[in-house]
Number of protein chains: 2
Amino acid sequence: MTSAGRLPPMPTLAYAILALLSRGPLTGMEMSHKLRDPIGLYWEARHSQIYPALSRLAYRGWITSPEPAAPGLRPRRRYEITVDGVAALRAWVGSPPSRRSHRDELLLRVYASWVCDRDVTVGLLRQAETRHRDRLQDYLARRASSHTSRELGPPGSATFADYATLRRGIGFERGRLAWVRWLIRSLETGA
Amino acid sequence: MTSAGRLPPMPTLAYAILALLSRGPLTGMEMSHKLRDPIGLYWEARHSQIYPALSRLAYRGWITSPEPAAPGLRPRRRYEITVDGVAALRAWVGSPPSRRSHRDELLLRVYASWVCDRDVTVGLLRQAETRHRDRLQDYLARRASSHTSRELGPPGSATFADYATLRRGIGFERGRLAWVRWLIRSLETGA
DNA sequence: ATCTCCATGTAACTCGTTACATGATTTT
DNA sequence: AAAATCATGTAACGAGTTACATGGAGAT
């Protein structure tokens, strides 16, 4: 620990960024793309949230970026994690889990769906089915490519962690899809 | 629609409250309890969020509450949904799904876990295993009691909607638990 | 009478999203 | 040169959490 004084705790997003940078340097825009859609990471954020977070991380000395050449050149800052950053990330992984509340809008809609026509509910579910089917296909494609191209590292490696989260994504989508299809069948047959 | 003029859209929490009230009148505190832990509804909120939302809902005429007797009596307002409220809820269920980003802190920790010792990761996962096992037990108990006590209404009924969300909860916890256990095994055996 | 809990409400602050702004790079 | 796009940033606002405040009900 190089910095002194009591600093306020960092938001979870900061650790999501550190987790990305622990795999190698990235620019803000690259992080933005990786945090856009549910890739293996399961933590979404917009660039408008990312850039201020990068400032705070740099201020703490958890990340650094060589100044982007001379003024006049296009500024494409590339950040990398510091040893303090890795230490902070390591400490956070083992820290007590925060009581983060989880919300699921589709579940809520299904819970409320008994007040509306069956057609509306089925339409809602068909939309959800498409979304989850597409996402599952995406995940399966990712897993296939990472299996064939290179070896899957041993447990404890970065590539294994990638695979573990991806595996959970596949399991989630499969379970969700099965449930949606069961519900559609139930509503249509009236059983 | 009785109200005129362009009013700002209501937050999802408002519809969660309407979904609860569509099943019968409740007080603020009762809603607070139902929105506390992940019961079949999957939408959490604190009382400090609920009471202002109730004011807004009443202002719109989507819920009503008979004034609580004379002043001097303990104020325990009981709210009930209006016909306009049911109509609003019905419209919301069929409305296009909002692009709500989903975040999963356990997944993020696993994604980052390769920077720390295996013991720490396994400890994190064991905690998660306990949490999910307890929750699964809770859900299974709920399902068992609702199965034996009264008949499970037909698809389209409120009791069926309750059961459908509960069923998804069970599926989610089972899938999550299987994944956590697979990950623990993998880390411990090093396979 | 006092104390504690219950029920409702308010305030302050952080997190997160949408929209706006700026300049540099590439395209037409 | 003008237009579209990329990359970074800022502003305004809404959503959500923690902490504080109020007053009645029941217990000792």
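Figure 1. B:Glu173 is buried, at a relative accessible area of 0% (buried means under 20% relative accessible area, exposed over 50%, and partly exposed in between, with a 1.4 Å probe and protein chains only). B:Arg135 is partly exposed, with a value of 23%. B:Glu173 belongs to helix α7 (residues 158-189) of chain B and B:Arg135 to helix α6 (residues 118-149) of chain B, so the pair ties together parts that are 38 residues apart in sequence. Helices (H or I, at least four residues) and strands (E, at least two) are DSSP runs, numbered from the N terminus.

Because the model is predicted, local features need pLDDT of at least 70 and side-chain atom pairs count only at pLDDT 80 or more, whereas totals for chains, interfaces and linings use all residues. Residues are numbered from 1 along each chain as its sequence is written, chains are lettered from A and ligands numbered from 1 in the order in which they are written, and side-chain values use heavy atoms, with hydrogens and water left out.

**Figure 2. Salt bridge between B:Asp138 and B:Arg142.** The N to O distance is 3.1 Å. Both residues lie in helix α6 of chain B, four residues apart, which is about one turn of the helix. B:Asp138 is partly exposed, with a relative accessible area of 33%, and B:Arg142 is partly exposed, with a relative accessible area of 33%. Elsewhere, A:Arg100, B:Glu105 and B:Arg109 are joined into one network by salt bridges that share partners.

**Figure 3. Salt bridge between A:Arg109 and A:Glu105.** The side chains meet at 2.7 Å, N to O. The residues are four apart in helix α5 (residues 105-112) of chain A, and are therefore separated by about one helical turn. Both A:Arg109 and A:Glu105 are buried. Over all chains, the count comes to 18 salt bridges.

**Figure 4. Open sheet of three strands in chain B.** The strand order is β1-β3-β2, with antiparallel pairing (two strands pair if DSSP finds at least two bridges between them). β1 (26-27) and β2 (63-64) of chain B stand at the edges with a single partner strand each, so one side of each has no neighbour in the sheet. β1(B) runs antiparallel to strand β3 (residues 78-81) of chain B and is joined to β3 by two bridges. B:Thr27 stands opposite B:Arg78 in β3(B).

Terms used. Salt bridge = Lys/Arg side-chain N within 4 Å of Asp/Glu carboxyl O.
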